[in-house]
Amino acid sequence: MVRLMAEELVKALDPELKRLKRDYIADAKPTMDGWTDEVLAAIRGVSRRFSSSLFESQIQRVAASTVSRADADNAEDFRKSVNQAVGVDFQLITRTKGMQDYLEASTAENVNLIKSIPDEYFKNVETIVLGGMKDGLAPTAIAKQIQEQTGVSARRAKLIARDQVSQLNSDLTRQRQAAAGIEFYKAVDAGDQRVSGAPGGKYPNAKISCYGIARQDIGYGPGVYKVADGAPWGGKTGLHPGKHHVLCRCVGLAMIPGVNYFPKDG
Ligand SMILES: [Zn+2]
């Protein structure tokens, strides 16, 4: 989407900037009329296409299919991991009534997040273009700043997408564990240099330590927490695996008493 926005914008803006270059560079005392109206009309003509109801119905479809694919993957992963622990292949409840509502809410939230990307992009582009023209910058210099903004938006879109899928996964696992009557989980970190708080890793001083959460014992065993409560760390509570912090990659393994979990008191 970001690539498409940038392509459409360049197509509309480039001829305008080149056509108006002589005027705005010669304009010693720029006013907010004349060339500004024309260039704003060009930007807004493109931005309208990315806020139309047609566009919104497209992102609604993208969000709904992404959420339902993430749900299907999560259901399959959950079934596999529990069955592997138990050693028996049995079907688990994979969808509860509350979950359908949750999936719909998650889709709506994602539609809003996706919509925020063109909104922000075109707002920043207007600032860049108007500012650049006031300063008498050459069209190539303005184009370069737009390109940088495109990169910023693309990275933000990627971050949102990754974070949303991982949060969704975390929430769905928790709901499936609760629905299956699983009371405890074990937090397991990603086991590499990028794990927050890992000594000798890239982020040894991270505020929330996934490394620490996966190892501390709050009374149920190292890294073991209640599905309903999540983990505490650094004064925070309710930290669930996959949501310890943005882009947390931890998972919560279902603890099944007598199978892979042997509580001290029975
Ligand atoms: Zn984590």
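Trainee: At what angle do H4 and H5 pack?

Mentor: About 170 degrees. This is a predicted model, so take the numbers as computed from it. H4 covers residues 97-134 and H5 covers residues 139-179. Their axes are 10 Å apart.

Trainee: Which orientation class does that give H4 and H5?

Mentor: Roughly antiparallel. The cut-off for that class is over 145 degrees, so H4 and H5 fall in it.

Trainee: What is the hand of the crossing where H4 passes H5?

Mentor: Right-handed.

Trainee: How do the residues of the H4 and H5 contact divide?

Mentor: There are 16 nonpolar residues, 12 polar ones and five charged ones.

Trainee: Now H3 against H5. How do their axes cross?

Mentor: At roughly 45 degrees, with the axes coming within 10 Å. H3 and H5 are therefore oblique to each other. Their crossing is right-handed.

Trainee: Which residues make that contact?

Mentor: From H3, they are Val67, Ala70, Asp71, Asn74, Ala75 and Phe78. From H5, they are Leu168, Asn169, Leu172, Thr173, Arg176 and Gln177.

Trainee: And by class, what does the contact of H3 with H5 have?

Mentor: Six nonpolar residues, four polar and two charged.

Trainee: Staying on H3, where does Ala64 lie?

Mentor: In H3 itself, which spans residues 53-86. Ala64 has a relative accessible area of 32%. Buried needs under 20% and exposed needs over 50%, so Ala64 counts as partly exposed.

Trainee: How far is the C-alpha atom of Ala64 from that of Ser106?

Mentor: The two C-alpha atoms are separated by 8.8 Å. Along the chain, Ala64 and Ser106 are 42 residues apart.

Trainee: Change of topic. Where does Ser209 lie?

Mentor: In the loop between strand E1 (184-188) and helix H6 (210-213).

Trainee: Is Ser209 buried or exposed?

Mentor: Buried. Its relative accessibility is 6%, and the cut-off is under 20%.

Trainee: What does the side chain of Ser209 reach?

Mentor: The backbone nitrogen of Gly212, at 2.7 Å.

Trainee: And leaving aside neighbours within four places in sequence, which residues is Ser209 in contact with?

Mentor: Ser196, Gly197 and Trp233.

Definitions and conventions: Residues are numbered from 1 along each chain as its sequence is written. This is a predicted model: local features need pLDDT of at least 70, side-chain atom pairs count only at pLDDT 80 or more; totals for chains, interfaces and linings use all residues. Side-chain values use heavy atoms; hydrogens and water are left out. Axes are lines fitted to C-alpha atoms, for helices over the stretch in contact, and angles run from 0 to 180 degrees between N-to-C directions. Helices (H or I, at least four residues) and strands (E, at least two) are DSSP runs, numbered from the N terminus. Angles under 35 degrees count as roughly parallel, over 145 as roughly antiparallel, 65 to 115 as roughly perpendicular and the rest as oblique. A crossing is left-handed if the near helix is turned anticlockwise from the far one by less than a right angle, and right-handed if clockwise. Ala, Val, Leu, Ile, Met, Phe, Trp, Tyr, Cys and Pro count as nonpolar, Asp, Glu, Lys and Arg as charged, and the others, Gly among them, as polar. Buried means under 20% relative accessible area, exposed over 50%, partly exposed in between (1.4 Å probe, protein chains only). A polar contact is a pair of N or O atoms within 3.5 Å; within protein, one must be able to donate a hydrogen and the other to accept it, and residues adjacent in sequence count only if both atoms are side-chain atoms. Contact means heavy atoms within 4.5 Å.
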